[in-house]
Amino acid sequence: MNKLTSIESAITSIESGMTLGIGGWGSRRKPMALVRELLRSDVRDLTVVSYGGADVGMLCAAGKVRKLIFAFASLDFIPLEPYFRQARQSGSIEVMEIDEGMMMLGLEAAARRLPFIPTAIGLGTDVLTRNPDLKLVQSPYDDSRDWVAMPALELDVGLIHVDRADARGVCQINAPDRYMDDLYARAARTTIVSAEEIIEVESMHNDPHASRAVYWERSETTQVVHAPLGAHPSSCQPLYGHDAAHFKAYAASAKADGGWQGYRDQYLTGDEKAYIDAVGGEDAIRELPLPVY
Amino acid sequence: MTYRLVDQVICAASESWRDSGEVLATGIGLVPRLAASLAMCSSNPDLMMTDSEAWIVSEPVPVGPRGDYTIRAETWMGFSRIFSNVWGGKRHAMVGPTQIDRFGQANISCIGDYAAPKVQMLGVRGFPGNSINHPNSFFVPAHSKRVFVEGEVDMVSSIGFNPDRLPRGYALDDIVIGRVITNLGVFDFAGPDHQLRLLSLNGDATVDDVIENTGFEVCIDGDVPPTAAPTTEQLALLAELDPHDLRERALG
């Protein structure tokens, strides 16, 4: 099955009101080209599940988010995500704030088609009081404790960025960490993957390292989009690091007069090609140093 | 041997792991990371540590630009596996909360009205899961009533010794909080009824400094000793772990 499609066509499958899961972590391997295409659309009222970075900030700034399911939003070296902050501080989004591991369990539950997974996480904290929908359960076995029933985080669409994919949806992540991307792919009804490079699967045959870098079966990939540098300004190891200068400009825009509109006018008026040129061009991005944590 | 307050603070903080056994030591932020690294290089060589990215390393990675240094990776430790470790309980983290209350409950999420916070910070991150699964110590660079708040913290991100929030089937003694290290002193929550207890004073801080800058009562038991001075060995290790002296500005 050929799943290769254009970025525009892939994003038209996203409708207002859907629940979206976004892979990556903070400033790391975020499917930003897909997010930017979403920003260009008129989709709104999204529920977003993310280990958040600028994906969350931009979608909030553009008014696309009705509800955010999150444990944090951060640009890592700039600890506080500027537009996520604005959205929270103005009370403009509904939130379900949970622990990082709870989010993982919610995705696992959805991936395994379970209604919930019991956990001790959240007990004794305001995660429970701020999320009155989170229920406690008792063990059917011999046990005197309450457990938090972390509900499945079922996703309509998962957005993931990888370094290599073939047209049938075999996706390789050669970065040190896949984060929770495999869980997003499994928790989502449909998954859109953007890839730095489209490969012929033959190139992986008899290369166990390449095959071990595939974390979900191609049946979990619905659409494949060729999006070189599609994680920018987040990192896509081992190919390029995050763009610290761009993140600084992005964070500064949140405090400037034009705010989000100013950022949008400067970088997001054209297509992805225009974006790459506006942020300094392909060569400059490929030179971005890999991050040191 | 001359040393700075920050050196003393890091050495005191590293004591948090002395008796932790063979666990993953995680220090979030520069001072906790150096403290964990120092502990692994001295008081507790059984500790495990990551490169703060995706690998368990056989020796702590120096902070800052690495030059020719290559990490001594021994196994993969991406985020999903970190949670496997956390849920198994074999970890002791040191974290930097924005607020801490008399129950040892900590907050890094937000300040003010939850619906539209005055200050939105990170979110609860891994605090809820960490605090119910393994010991955590706290580092506070600037000890004040804004951090050690009078009432409860605004968003309880990690469980503490609050009887009103104790989950069914739990005893207060099931909750474990390690040490609290601030610029002023070293503390634990082992006072009467898990009250914050002053163990020693850093630099030239006084008991009055602690009392004036804490929003709740602190257990002060007799004469409080000064925090130990760093040893020559510790200072030499710190110079290796922090070759660019990033710690110089760590206390603000």
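Modeller: Before we look at any helix pair in this predicted model, note that a helix axis is a line fitted to the C-alpha atoms over the stretch in contact, and that an angle between two axes runs from 0 to 180 degrees between the N-to-C directions.

Colleague: What makes α2(A) and α3(A) roughly parallel to each other?

Modeller: The axes of helix α2 (residues 32-40) of chain A and helix α3 (residues 54-61) of chain A cross at roughly 5 degrees and come within 10 Å. Angles under 35 degrees count as roughly parallel, and therefore α2(A) and α3(A) are given that description. The residues that make the contact are A:M32, A:V35 and A:L39 on α2(A), with A:A54, A:D55, A:M58 and A:L59 on α3(A). By class, the residues of this contact are six nonpolar, no polar and one charged.

Colleague: Why is helix α4 (residues 82-89) of chain A called largely enclosed by the rest of the structure?

Modeller: The reason is that six of the eight residues of α4 of chain A are buried, and a residue is buried if 20 or more other C-beta atoms lie within 10 Å of its own. The buried residues are A:P82, A:Y83, A:F84, A:R85, A:A87 and A:R88. Just after α4(A), A:G91 takes a positive phi of about 65 degrees.

Colleague: Is A:R29 buried or exposed, and how do you know?

Modeller: A:R29 has 28 C-beta neighbours inside 10 Å, and since the cut-off for a buried residue is 20 or more, A:R29 counts as buried. A:R29 is found in the loop between β2 (19-22) and α2 of chain A, and has a positive phi of about 40 degrees although it is not a glycine.

Colleague: What makes A:G122 buried, and which residues does A:G122 touch?

Modeller: A:G122 has 26 C-beta neighbours inside 10 Å, which by the cut-off of 20 or more means that A:G122 counts as buried. Not counting residues up to four places away in sequence, A:G122 touches A:D99, A:M102, A:V127, A:L128, A:L134, A:V148 and B:P128. The place of A:G122 is in the loop between β6 (116-119) and α6 (126-130) of chain A.

Colleague: How many residues does each chain bring to the contact between chain A and chain B?

Modeller: The contact takes 40 residues from chain B and 38 residues from chain A. On the side of chain B that touches chain A, α3 (79-88) and α4 (127-133) of chain B each supply at least two residues. That side of chain B has 22 nonpolar, twelve polar and six charged residues.

Colleague: How do you know whether the radius of gyration of chain A agrees or disagrees with that of a compact globule?

Modeller: For 293 residues, a compact globule would have a radius of gyration near 19 Å, and chain A has 19 Å, so the value agrees. Along its principal axes, the C-alpha trace of chain A spans about 60 × 55 × 35 Å, and buried residues make up 54% of the 293 residues.

How values were computed
Residues numbered from 1 in each chain as written. Chains lettered and ligands numbered in written order. Predicted model: local features only at pLDDT ≥ 70, side-chain atom pairs only at ≥ 80, totals over all residues. Contact = placed C-beta atoms within 7 Å. Helix = DSSP H or I, 4+ residues; strand = E, 2+ residues; numbered from the N terminus. Nonpolar A, V, L, I, M, F, W, Y, C, P; charged D, E, K, R; others polar. Buried ≥ 20, exposed ≤ 12 C-beta atoms within 10 Å, placed from the backbone. Rg over C-alpha atoms; globule rule 2.2 N^0.38 Å. Parallel < 35°, antiparallel > 145°, perpendicular 65-115°, else oblique.
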